[in-house]
Amino acid sequence: MLGMIINSVSVSVSTNGGEFFTHIPFEKGLNIVRAENSSGKSTSINAIAYGLGLESILGPGRRRPFPKSLYDVIYDNKKDENPYDVISSKVVIGITNNSGITAYLSRDVKGDSDKVIVESAFSSGEYFLGTTGVAGVGASMSEKGFHFWLAKFIGWELPTVTSFDGKDVKLYLECIFPLFFIEQKRGWSEIQANTPSNYGIKNVKRSALEFCLAVDDFTYDRKVAVLKNKIQQAELEWISFKNNIEGVADYNSVRVDPPKNIEEFSAEDRVRFFYPENNALISVHQQLVSVQKLIRDLSGNVAGLHPVSDKLNEQVAVIGSLQRKYEEIYEKIETNYISNSDVEKKLATLSGDLNQYQQLRKLRNVGGSIDSDLGLEKCPICESELYDTLGKSSLKRMPMTLDENIVFLRNQVDFFSAMKDQINIEISRLKGEADILIKRLKTENEKLQFLRNDYESVNGDLLSILREKISAELLLKQVSKLKETEDEINAQAERILSAWSNAKNSLALVESDVNQVYKNFIIAQLERLIRENLLAFKFKESAIDSVSISHQTLRPEQEGYDIVAETSASDYIRIIWSFTLGLLQLAGGDRQGDDESLKKFIGIQCKHSGFVVFDEPRQHEASKLSFTNLIKKASESISYGGQVIFATSLDNQELIEACNGVQVNLKSFDDYVLQLRTK
């Protein structure tokens, strides 16, 4: 999948004598920018990387990736060489993604270089580059970070890789784009020459290729480890679950079938408790129905007997009153738990708002405009509109500043935290009252028992019925509670089994041979493209078949050895041409083979920026014929929606001859690329 194309690059320099400016439009297919050395050709090409916030791929020490003409002094033309002092300078590039959405990116060179202004239907605003110094709030991690925006615009989800110190980090865009952008000074020394090492990522070059070719072994290993851990956690939870079932059965003096192992348990299986009754086993549901019927029968019998004494009735009333109080306290405890949950949700919302405002303050601190991001027409707590009076008015209250909002939100977080603590204190107090009532109920029940004993001789039949009715009511509560527990246990079993089954099935798919088949297929396709390109570029024909792609590094090798050591400098330039264009061709749709599903999968999974940049591709005196064939091969990129951009100082007539019969967008400059605008 091709990510985007470059529509144009503009560079402007404000000086004490006017504005110097250049605008270079690009098209799909081959684009060539020609100018003599030291004319600003590389400046205009490097402006593409700079506009994308990727100046680190231009090589070490690229904090100032441009010559002094964009920072200090610039000259009007090569004939007069009149100097002008630079006041400010900036780069604007236009890009379009594979969904047809266009964006314009503006970034200061001399000025506020840590900010990128984006104008697009996709998402407009100001974004920062670099890091805020807060974990998870860098340009690739924060929603206000420019590289977070750019990855989303291209349609990439950057993977997590491992650093040398064992931490999980993102595979940053700066580590991927050296595959697509070959700058003049160091870019031709080897493939991925300008991959930054300061991020401390293990095997960073291989990881970038794994991401682009969708053969990410780092993701495979991580998936396997995560899935195996999920399986282990589910199995450990199942062991604890089985022990809990047996504990519930022992506590309630009931029977339960020996719980199965998780491998033997199916979604149709259920855990069921049974009451032993006259050499038979009664299910919880059957017991519940039976006890309810018994209570109804006993209540009917009580109605036909004389009432017990007033003292007995009073004692029953006392116990009933205490029971109601206990139930009221229990309801209050539940209400407080619900309130506590609401407060926790509010705290989470406030903390999220506070984090967003702190990010906006960082953006403001690097020079960004944040007025459009505040959205303070509504209260961040209750979301109602703000007015100057207690009554609704047509005049809205002036919104708070960013810093006032941060202070306000912090105060709200403190307020709701205190409220949460108060609720927890109330819950503890209510639990204490409940414990006291339980003890009181025990005492009053003992008194009731004494009263029953005293009047047993007088009201024997009635007391017997009452005793049986009370016992039945207690049993009903126990059975009802056990029924609830049984339902909860089966819901828990379903959850654990589902997690275990999903992880097992996913692991089986991940560990299947499909991944290796795909990897072999895509490596074979890339090898074919490289060899075809080498043949076109007049690489030594007898050595072409010995060039292959290493399954370990995913880079070209020759008969299993490092290809740099085995080839001349001019031949290695052809290797870089072939490999870099091969990646573009592969992602663009140049695939062969009988397996249509694999070819389609490559088209979906294979990732590429959509463009490649070669600054001075005719290095080390590569032959004229080779270079002419490179132009022809690069021009074919228009057929699959790709884009190739060359910058060259080749003689204009020689370049025109090399482009004869080829569709190319050629921009040639006879003087400095940046010219003083005339009024």
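**Ground rules.** I am working on a predicted model, where local features need pLDDT of at least 70, side-chain atom pairs count only at pLDDT 80 or more, and totals for chains, interfaces and linings use all residues. Residues are numbered from 1 along each chain as its sequence is written, and side-chain values use heavy atoms, with hydrogens and water left out.

**Core.** I looked up the nonpolar cores (sets of buried Ala, Val, Leu, Ile, Met, Phe, Trp, Tyr and Cys residues joined through side-chain atoms within 4.5 Å; buried is under 20% relative accessible area with a 1.4 Å probe, protein chains only). The largest has 117 residues, and Leu105, Phe177 and Ile631 have the most contacts inside it. Helix 14 (residues 569-588) gives the most to this core, with 11 residues. Helices here are DSSP runs of H or I, at least four residues, and strands are runs of E, at least two, numbered from the N terminus. Another core, of 27 residues, lies apart from it; Trp238 and Leu507 are among its members.

I then checked Leu105. Its contacts (heavy atoms within 4.5 Å), not counting residues up to four places away in sequence, include Gly51, Val92, Ile117, Phe146 and Trp149.

**Cavities.** How many cavities of 30 Å³ or more does the structure hold? I found 2. A cavity is a set of points on a 1 Å grid over the protein atoms alone where a 1.4 Å probe fits but cannot get out, and lining residues have an atom within 4 Å of a point. Points join across faces, edges and corners, and volume is the space filled by probe spheres set on them.

The largest cavity has a volume of about 40 Å³. Helix 14 gives the most to its lining, with 4 residues. Among the lining residues are Pro178, Ile182, Gln192 and Phe579.

**Helix 4.** I counted 8 of the 10 residues of helix 4 (residues 204-213) as buried, so it is largely enclosed by the rest of the structure. Glu210 is one of the buried residues. Ala214 follows the helix, with a positive phi near 60°.

**Arg107.** I located Arg107 in strand 6 (residues 102-110). Is it buried or exposed? At 3% relative accessibility, Arg107 counts as buried. A polar atom of its side chain lies 2.8 Å from the backbone oxygen of Tyr50. The backbone oxygen of Ser113 also lies 2.8 Å from a polar atom of that side chain.

Terms used. Buried means under 20% relative accessible area, exposed over 50%, partly exposed in between (1.4 Å probe, protein chains only). On a 1 Å grid over the protein atoms alone, a cavity is a set of points where a 1.4 Å probe fits but cannot get out, and a pocket is an open set with protein on both sides within 12 Å along at least five of seven lines; lining residues have an atom within 4 Å of a point. A polar contact is a pair of N or O atoms within 3.5 Å; within protein, one must be able to donate a hydrogen and the other to accept it, and residues adjacent in sequence count only if both atoms are side-chain atoms.
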